There are 2 protein chains.
Amino acid sequence: MTEVHLRDALDTLKSTGVRITPQRHAILEFIIQSMSHPTADDIYKALESKFPSMSVATVYNNLRVFREAGLVKELTYGDSSSRFDFVTNDHYHMICDACGKIVDFHYPGLDEVEHLASHLTGFDVSYHRMEIYGVCPTCKEHATKVQ
Amino acid sequence: MTEVHLRDALDTLKSTGVRITPQRHAILEFIIQSMSHPTADDIYKALESKFPSMSVATVYNNLRVFREAGLVKELTYGDSSSRFDFVTNDHYHMICDACGKIVDFHYPGLDEVEHLASHLTGFDVSYHRMEIYGVCPTCKEHATKVQ
DNA sequence: ATACTTATTGTAACAATTATAATCAAAGAA
DNA sequence: TTCTTTGATTATAATTGTTACAATAAGTAT
């Protein structure tokens, strides 16, 4: 699964004339196989043993390249730094208010909402995103133990 | 309408023991009557004629106070700074990819999605947010003219 | 090989936000 | 009232995520 995604992603890059460097390959691979919506710094730290001389700027540069190619989405929440999510099929995010963990879940597209919104506002809709906030099972358990 | 909201908000603050200073009153009033989801800097600039000596820190401090009291929500998008939205009844945001304008629209709560997500992930849900992206009527018109 | 383009690196700059310390204002107790 | 305490504001320094820039390195094509 991961391999298929990676191969597709590399094809997409190649077809748009973007050179595939070892750094780019590694960053992309990390985002795809990591299920954790990493920050730029997460990626930087995860790869520094493999690429000791890689600059943070390279991570940011390439995240921008990937974003422009439509391969990753940038997620900004209240906390300091952006998280990056590999674009596969439609899914939404469940975010724990206590520990910040992000869990994906799938739901059939909210076409009806998009249509209504478009009708009400006159916008041409391109996409939407949704986040649900709450407390994850682990934090719930912890909270009840603490009491 | 605005006045009612402001009075309610001040009551909420009073009931939680938060002192209502002239700055707080002005910031709250501005957020409520402004329909534009202002940034901290927008608020600071808008009030500097009224409070020439007010510090940016005061704006940030009080936005945090209001957020903790549940009066405002912080919205973070890709762009640099957070926007602040007075909490009234459930609504979502339509955002223009071209000019960044944010337009509210109302939609009956997405209870079904919340329930499914809760069931799938085991989270206790507290709330959700959704943004729809697209191109606003003004930018559409402009784009066609430019061609 | 040579020239040309593109990517990476290292570092400086920037901008939003937060932390800190000092001053100021309000509220309560004596 | 005056004193004391608490909380708010101010001004500024520090922090942090991100971007800009110039120099170097690596590919690509002629």
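Which strands each supply at least two residues of the lining of the second largest pocket? Hold that question while you visit the largest pocket. Keep in mind that this is a predicted model.

**Stop 1: the largest pocket**

Select Lys73(A), Glu74(A), Tyr127(A), Arg129(A) and Tyr133(B). Of the 31 lining residues, these sit closest to the centre of the largest pocket. The space here comes to about 700 Å³.

Next, colour the strands. In chain A, pick strand 1 (72-75), strand 2 (83-86), strand 3 (91-96) and strand 5 (124-135); in chain B, pick strand 3 (91-96). Each of these elements gives two or more residues to the lining of the largest pocket. Strand 5 of chain A gives the most, with 5 residues.

Now colour the lining by residue class. Expect 13 nonpolar, 8 polar and 10 charged residues around the largest pocket.

**Stop 2: the second largest pocket**

Select Gly78(A), Asp97(A), Tyr133(A), Glu74(B) and Tyr127(B). These are the closest to the centre of the second largest pocket, out of 20 residues that line it. Its volume is about 450 Å³.

Back to the opening question. Highlight strand 3 of chain A, then strand 1 (72-75) and strand 5 (124-135) of chain B: each supplies at least two residues of this lining. Strand 1 of chain B gives the most to the second largest pocket, with 4 residues.

Finish with the class colours again. The lining of the second largest pocket shows 9 nonpolar, 4 polar and 7 charged residues.

Technical notes:
Residues are numbered from 1 along each chain as its sequence is written. Chains are lettered from A and ligands numbered from 1 in the order in which they are written. This is a predicted model: local features need pLDDT of at least 70, side-chain atom pairs count only at pLDDT 80 or more; totals for chains, interfaces and linings use all residues. Side-chain values use heavy atoms; hydrogens and water are left out. On a 1 Å grid over the protein atoms alone, a cavity is a set of points where a 1.4 Å probe fits but cannot get out, and a pocket is an open set with protein on both sides within 12 Å along at least five of seven lines; lining residues have an atom within 4 Å of a point. Grid points are joined across faces, edges and corners, and a volume is the space filled by probe spheres set on the points. Ala, Val, Leu, Ile, Met, Phe, Trp, Tyr, Cys and Pro count as nonpolar, Asp, Glu, Lys and Arg as charged, and the others, Gly among them, as polar.
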